Amino acid sequence: MSETKTTCPYCGVGCGVLARVEDGVVSVQGDEQHPANFGRLCVKGASLAQTTGLEERLLSPQLDGEQVSWTQALTAAGERLQTIIAEHGPQAVAIYASGQLLTEDYYAANKLMKGFIGAGNIDTNSRLCMSSAVTGYKRALGADVVPCCYEDVESSDLVVLVGSNAAWAHPVLYQRLVQAKQNNPQMKVVVIDPRQTATCDIADAHLAIAPGTDAGLFVGLLHAIHQTGEAVVDYADASAAFAMAADWSVAKVADFCGLQQADVQSFYDDFIAAPRAITLYTMGINQSSSGSDKCNAIINVHLASGKFARTGCGPFSLTGQPNAMGGREVGGLATMLAAHMNFEPADLARVTRFWGTERLAQTPGLMAVDLFAAIGRGEVKAVWIMGTNPAVSLPDSHAVSQALAACPLVIISEVAADTETSRYAHIRFPALSWGEKNGTVTNSERRISRQRPFLPPPGEARADWWIIAQVAKELGFAHAFAWQHPHEVFSEHAALSGFENEGQRAFDISGLADLSREQWDVLEPIRWPVSRRGSALDLQRGWRAEGQLRMVPITPEVMQARRQPLYPLVLNSGRIRDQWHTMTRTGSVPRLMQHIDQPMVEIAPQDAAHFGVENGGLARISSPRGVMVARVVVTGSQRPGSLFTPMHWNDCFARQGKINSLVAPVVDPHSGQPESKQTAVRIAPWQPQWQGEFFSRAPVELPRHLHWWRKAAPGLHHLTLAGDGTIQAELLAVCQRGSWQIQVASLGETWHLLAWDNGRLMLGFWSARSLPDIDSGLILRAFAQSPQTLADRHALLGGQDLTRPSVGKIVCSCYSVGEKIITEAIEKQGCSTTDELGRMLKCGTNCGSCLPELKALLGCAERKAMIL
Ligand SMILES: Nc1nc2c(c(=O)[nH]1)N[C@H]1C(S)=C(S)[C@@H](COP(=O)(O)OP(=O)(O)OC[C@H]3O[C@@H](n4cnc5c(=O)[nH]c(N)nc54)[C@H](O)[C@@H]3O)O[C@H]1N2
Ligand SMILES: Nc1nc2c(c(=O)[nH]1)N[C@H]1C(S)=C(S)[C@@H](COP(=O)(O)OP(=O)(O)OC[C@H]3O[C@@H](n4cnc5c(=O)[nH]c(N)nc54)[C@H](O)[C@@H]3O)O[C@H]1N2
Ligand code: SF4
Ligand SMILES: [Mo]
């Protein structure tokens with residue numbers, strides 16, 4: 001048995017993982033020595049072993065739809081890129097990269113594009129994620145530096161989470177906060193989010209703010225801090241910032257933000273009174289047409305209150321992706337050059353010297369939304385997409401798809417065989433995935449950790465940095481891309497960070513540039529800076545001495561999405577607990593689909609009544625750009641006038657399940673980050689004639705007009721279907737072609753079908769007017785092991801095992817504990833706390849992510865008891 005220390009490839013918490021391979025079977029557990037998680041993992045991290053299968057992987061290079069050799073694919077990429085560069089110049093070429101690449105991959109991509117192809121056109125999905133936070137830090141601190149760490153969260157007196165659902169999106173950090181609050185009951189937690197999320201579980205206060213209005217709340221707080229007469233004022237532009245905030249009274253803020261004055265006042269009182277306060281902010285702030293200003297409104301209150309550069313204090317932007325920070329370090333955004341350098345003459349000259357290039361890009365390149373618009377207009381003619389799925393994640397996805405379809409050369413580096421974006425690619429490079437690749441990532445608190453391989457490279461997959469270096473060679477730049485190992489790429493990157501850097505650039509890891517291969521291999525997690533000069537600035541505490549801080553005067557703006565009579569609601573979007581982004585890694589893991597297995601839309605009860613949609617029913621949500629279909633969840637946790645839907649589903653997992661087909665490509669003028677959290681929409685009920693659950697061993701071509709949602713079932717095709725007009729004839733024809741024996745149960749609108757091939761279950765379909773309540777466990781068992789008795793077959797045809805009632809919707813994914821079992825334990829066995837539930841059923845005792853839901857169920861039972 002071998003054990004490898006590596007890092008989780010999902011969120012920016014950056015947890016350490018111990019991976020074991022025993023007889024070819026992978027297992028993972030949290031690394032107790034890693035300072036990000038001290039052994040904890042959330043359910044996504046804990047399920048990593050289930051994502052290492054090769055069934056859905058891209059394992060060989062492809063050229064124009066045909067499998068080819070690496071030589072053929074690389075030659076074609078080189079020739080086609082060269083032709084486009086020769087005819088249209090380097091500006092006609094672009095790279096679109098990702099915060100899920102390793103730092104070494106990212107460095108190679110940035111060097112190739114800006115340094116050698118010679119245009120600034122390399123942007124990344126971090127544009128959709130962190131770019132407003134970057135702008136905020138650069139404007140205030142003069143550098144893209146996160147001035148906080150996880151220990152600050154634990155040692156604060158007031159933790160403000162704004163636009164962050166950390167319980168689901170940064171679960172291990174959230175668990176650290178939960179623990180810290182238990183240890184220090186004086187600690188207060190305030191959540192600011194239009195929705196009441198799982199994060200509110202430990203909140204002393206939840207401000208259900210009107211969408212897009214957070215700048216008003218923080219500008220008002222700045223004014224309140226100023227009024228105390230104790231504000232710290234020795235920052236550039238402080239007086240202008242205070243002057244601009246002067247008319248933001250509590251009454252004006254409450255009106256602007258749709259909050260009660262008393263709630264605003266009490267938040268301000270708490271913030272001012274707290275000896276230490278820290279604000280964690282993520283996508284509810286960044287993904288806005290004025291996200292940069294919101295970031296600075298937050299930073300301003302920390303500067304003015306002196307809750308900055310001290311333990312337990314500061315404006316802490318949490319990174320989303322595992323290596324969003326690494327991308328910022330190498331300069332992977334089109335608006336940065338490299339290693340925290342910009343397009344200033346001195347920077348350009350320095351990087352030219354370091355890279356030894358004649359062709360360095362002299363100006364910033366196109367930012368993500370503009371880049372895809374330029375592809376659509378035919379100005380950019382070749383795009384190489386690595387580690388991201390823009391056909392799903394960019395706003396206005398119909399336009400993005402059209403742009404990709406018309407683009408003369410689309411190259412992708414991917415791990416998944418089929419993604420929406422890869423369907424448009426002319427050249428597909430198979431990349432190494434987590435567990436196979438080797439390099440470094442940097443987490444939210446600037447901590448560099450190693451991702452180490454513990455599996456052999458599958459098929460012909462290769463490391464992303466290697467693929468980039470090979471294409472660079474094809475383009476004639478072999479001398480600058482001669483690395484043989486990722487350690488060499490890392491050393492070069494580290495050396496550049498310290499090159500002619502006498503403390504002017506905060507990002508300095510030159511102290512790691514001379515690590516030997518062996519030392520790099522065993523590198524322990526380490527926070528930057530790590531300067532060769534040995535006297536790096538203390539980026540946590542040393543700011544005041546530097547005197548480089550600035551308060552940015554802010555006028556709060558409203559969102560650009562406008563409610564109008566035809567589109568009267570605001571559609572918000574974000575993460576669910578167990579899925580990762582466009583689902584290429586998590587969508588096929590049954591355990592991760594148990595919690596939420598279909599795109600849903602959350603709506604407030606009064607809106608549901610007004611628009612005639614029902615809990616559990618289907619609805620169409622539409623904007624002027626597109627439409628999506630989702631299952632309705634009526635909930636008091638949703639702010640009236642707003643809807644919420646997950647960002648994850650897309651054409652590979654559902655028909656019309658993609659939020660971004662509705663979202664407008666409106667961006668922040670400073671950061672270029674899209675307003676992904678707010679879209680004006682309408683909602684209407686959709687009652688199909690029937691809905692059903694479909695299981696089959698082999699793929700079956702179904703009529704195109706059907707609505708379908710793909711589920712994760714081991715070795716099977718499981719779809720939820722809905723439609724008008726029956727598909728009974730089509731399914732019977734499929735059975736006939738296979739010469740299968742069929743069993744049908746038909747009663748009114750209910751129609752069930754089983755198809756057998758000599759006692760082996762081949763296909764099952766259970767349909768009714770509304771979605772039938774079937775026991776998936778029973779069905780999966782029947783596919784694995786055919787039921788022997790007639791009674792068992794009858795139970796199967798009914799979809800329910802009457803002797804083993806279904807467990808209900810899975811709440812605890814770690815131990816597959818369902819809602820019905822939990823409610824029964826509460827109502828019949830008298831469990832009244834999460835601890836008691838944990839002792840009886842184990843739920844909530846592993847990663848803890850379901851504790852908020854367990855508490856909600858306990859709360860429901862309490863309310864029920866009161867009513868009875
Ligand atoms: N499970 C899971 N975890 C993930 C990811 C994942 O895909 N799945 N992705 C990772 C990535 S890349 C990222 S960027 C992070 C994102 O982490 P988060 O930003 O925490 O996640 P989101 O769900 O996108 O959005 C957070 C909250 O912003 C709220 N919000 C919307 N509009 C507003 C507003 O106007 N004001 C305020 N104050 N709040 C608003 C939403 O209601 C939502 O609850 O998660 C990371 N972690
Ligand atoms: N409406 C709306 N839209 C959003 C958001 C939102 O909240 N609402 N959030 C935005 C945010 S914050 C983000 S970060 C983006 C995320 O959106 P994307 O980046 O588009 O989503 P992913 O599914 O993570 O895409 C990563 C791709 O890289 C592949 N991949 C995985 N590992 C590797 C690797 O090692 N090498 C290579 N070459 N490929 C690999 C995966 O199979 C997958 O296809 O979505 C953004 N879009
Ligand atoms: S919290 Fe984030 S980094 Fe940690 S295990 Fe979960 S997904 Fe991975
Ligand atoms: Mo993100």
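1. Basis of the values. The model is predicted, so that local features need pLDDT of at least 70 and side-chain atom pairs count only at pLDDT 80 or more, while totals for chains, interfaces and linings use all residues. Residues are numbered from 1 along each chain as its sequence is written, chains are lettered from A and ligands numbered from 1 in the order in which they are written, and side-chain values use heavy atoms, with hydrogens and water left out.

2. Ligand 1. The shell around ligand 1 holds 35 residues, the closest being Ala169, Asp193, Gly212, Asp214 and Gln579, where a residue is near a molecule if one of its heavy atoms lies within 4 Å of it. By class, the shell divides into twelve nonpolar, 16 polar and seven charged residues; here Ala, Val, Leu, Ile, Met, Phe, Trp, Tyr, Cys and Pro count as nonpolar, Asp, Glu, Lys and Arg as charged, and the others, Gly among them, as polar. Helix H6 (166–169), helix H12 (283–286) and strand E19 (569–574) each supply at least two residues of that shell, helices (H or I, at least four residues) and strands (E, at least two) being DSSP runs numbered from the N terminus.

3. Backbone atoms at ligand 1. A backbone N or O atom of glutamine 579 lies 2.6 Å from a nitrogen atom of ligand 1, a polar backbone atom of asparagine 165 is 2.8 Å from an oxygen atom of the ligand, and a polar backbone atom of glycine 163 is 3.3 Å from a nitrogen atom of the ligand. Taken alone ligand 1 exposes 910 Å², of which the protein buries 99%; accessible areas come from the Shrake-Rupley method with a 1.4 Å probe, and for residues only the protein chains shown count as cover.

4. Ligand 2. Of the 31 residues around ligand 2, Gln100, Ser393, Glu414, Lys437 and Thr582 come nearest, and the shell divides into ten nonpolar, 16 polar and five charged residues. Side chains approach oxygen atoms of ligand 2 at 2.6 Å from serine 393, at 3.0 Å from arginine 575 and at 3.0 Å from lysine 677. The protein covers 99% of the 920 Å² of accessible area that ligand 2 has on its own.

5. Buried means under 20% relative accessible area, exposed over 50%, and partly exposed in between (1.4 Å probe, protein chains only).

6. Helix H4. Ten of the eleven residues of helix H4 (residues 131–141) are buried, including Tyr137 and Arg139, and the helix is followed by glycine 142, whose phi is positive, near 80°.

7. Backbone points to inspect. Tryptophan 528 and proline 529 are joined by a cis peptide bond with omega about 10°, and proline 529 lies in the loop between strand E18 (526–527) and helix H22 (543–546). Arginine 446 has a positive phi of about 65° although it is not a glycine, and arginine 446 is buried, with a relative accessible area of 3%. Glutamine 656, likewise not a glycine, has a positive phi of about 55°, but glutamine 656 is partly exposed, with a relative accessible area of 24%.

How values were computed. A polar contact is a pair of N or O atoms within 3.5 Å; within protein, one must be able to donate a hydrogen and the other to accept it, and residues adjacent in sequence count only if both atoms are side-chain atoms.
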